[in-house]
Amino acid sequence: ATSGRPGPVHLSLPSDVLDRRVAAGDVTLGGAPPPAATLADAAADTILALLAGAERPLVIAGPGFSGHGGPAALARLRAALGVPAVVMESPRGLADASLGAFGAVLERSDLVLLLGKPLDFTLRFGVLPEVQSGARRFVMIDPEGAILDRAAREPAVRLAFATLADSRPAAAALIARAAGRAPAHAAWLAEAEILLRGRPESWAGLRAAAPGKLHPAEVCRAVAPFLTDDRAILICDGGEFAQWGQSLLSAPRRLVNGVAGSIGSAIPFALAARCADPEAPVFALLGDGTFGFHMAEFETAVRRGLPFVAVVGTDARWNAEYNLQVRDYGANRAQGCDLAATRYDLVAAALGGHGELVEHAGALPGALARAAASGLPACVNVMIESAAGPVLTGASLALG
């Protein structure tokens, strides 16, 4: 859990082991974590030289940089190197709504530093047009030798340099070794930041076409003011509705469903976030299909006094699956994607929480304010238009 690529570890213990009597003297609790695998100065200098020699270098960090202190560490690395740097933590890969027109940035890059980020399915193992250019090379820093070996065996990947090191200490070493070196990629960094952070001006006017519905962008515009607190926590979980949240909303702290792509974790995540910080605003954006997985945890939240606000986008559809089926088979062959327009707000209220139903954009800010002020686990059930998640390109930002 604390070495190599830190993260959750599944440990199975047989019942006879759990029931066995153990002498107190044989029990050891805790212990010092293993020492970090550091990045050697020579390796750091080689990487810095490769970055300096590239015209459009890019740093892609793994999900380890999305946790506590990770975004700040990546921001320091971006400033020290003068190079665009992103965290890839979505199973949608190049279409991650959080990263804007990331595909266009990757397409323009000529050197990619993978910092604790495997060359995995989210990058299609390097076998796709955006990373097959003959001029593009990869540099890899990873705590797992098997990840480096796999990339080295891939014939489509031009691996310029690879080294074994833990990601966060490696970033710190690069920052230290880069001190006093003048960044040389200001124009490229500015272009990449527009592609990564920019959003089409037309989104500001997005409205639902059907009466009694909101467009997901309208929901995000109403939620944004509640995330300005410097301790706010945003949770995005699910398919298309949550993708709008990931694209349009930001908060000092964020939880998403990760590379594994599982859905249904938003409500348990919200409970955990509230346990970790009893005072922070906690807002979870999730679709109606997602809500169904663990809606009973509202009772847990009420019983344990763990308030949060769940904003449920209800379009009565498994919309991610619907869009996949329409894309692959056609709208006339989409099957098994319909849901009922359930009153999830009444479900939350029946379990002891606070519930609000919203069918008009003008009613949403007040409903969110009442939910946040209720001091209860709250569900704001918003009837939304069934919109596909956003996909940005350079052309959509006038940088085609």
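1. A residue is called buried when its relative accessible area is under 20%, exposed when that area is over 50%, and partly exposed in between. The model discussed in this note is a predicted one.

2. The first point of interest is helix H12, which spans residues 297–304. Its buried residues are Phe-298, Thr-300 and Ala-301. These residues lie on the same side of H12, because the arc that they cover around the axis is only 155 degrees. Several elements contribute to the cover over the buried residues of H12, including helix H10 (266–276), helix H11 (288–291) and helix H14 (344–350). Strands E9 (308–314) and E11 (377–383) are also among the covering elements. After H12 comes Gly-305, which has a positive phi near 65 degrees.

3. When residues up to four places away in sequence are not counted, Ile-60 touches Phe-102, Val-86, Met-88 and Leu-106, among others. Its contacts also include Val-112, Leu-113, Leu-114, Leu-115 and Leu-123. One of the residues that Ile-60 touches is Lys-117. Lys-117 in turn forms a salt bridge with Asp-120, in which the closest N and O atoms are 3.2 Å apart. Lys-117 and Asp-120 are both buried.

4. In total, the structure holds 16 salt bridges. One of them joins the side chains of Arg-343 and Asp-345, with an N to O distance of 2.8 Å. Arg-343 counts as partly exposed because its relative accessibility is 36%, whereas Asp-345 is buried, with a relative accessible area of 3%.

5. Another salt bridge is formed by the side chains of Arg-370 and Glu-356, at 2.9 Å from N to O. This pair links distant parts of the chain, 14 residues apart: Arg-370 belongs to helix H15 (residues 364–373) and Glu-356 to strand E10 (residues 354–358). Arg-370 has a relative accessible area of 45% and is therefore partly exposed. Glu-356 has a relative accessible area of 11%, so this residue is buried.

6. Finally, salt bridges also occur as a network, which links Asp-41, Asp-45, Arg-177 and Arg-181.

Notes:
Residues numbered from 1 in each chain as written. Predicted model: local features only at pLDDT ≥ 70, side-chain atom pairs only at ≥ 80, totals over all residues. Heavy atoms only, no water. Contact = heavy atoms within 4.5 Å. Buried < 20%, exposed > 50% of the residue type's maximum accessible area, 1.4 Å probe, protein only. Helix = DSSP H or I, 4+ residues; strand = E, 2+ residues; numbered from the N terminus. Arc of directions from axis to C-beta. Salt bridge = Lys/Arg side-chain N within 4 Å of Asp/Glu carboxyl O.
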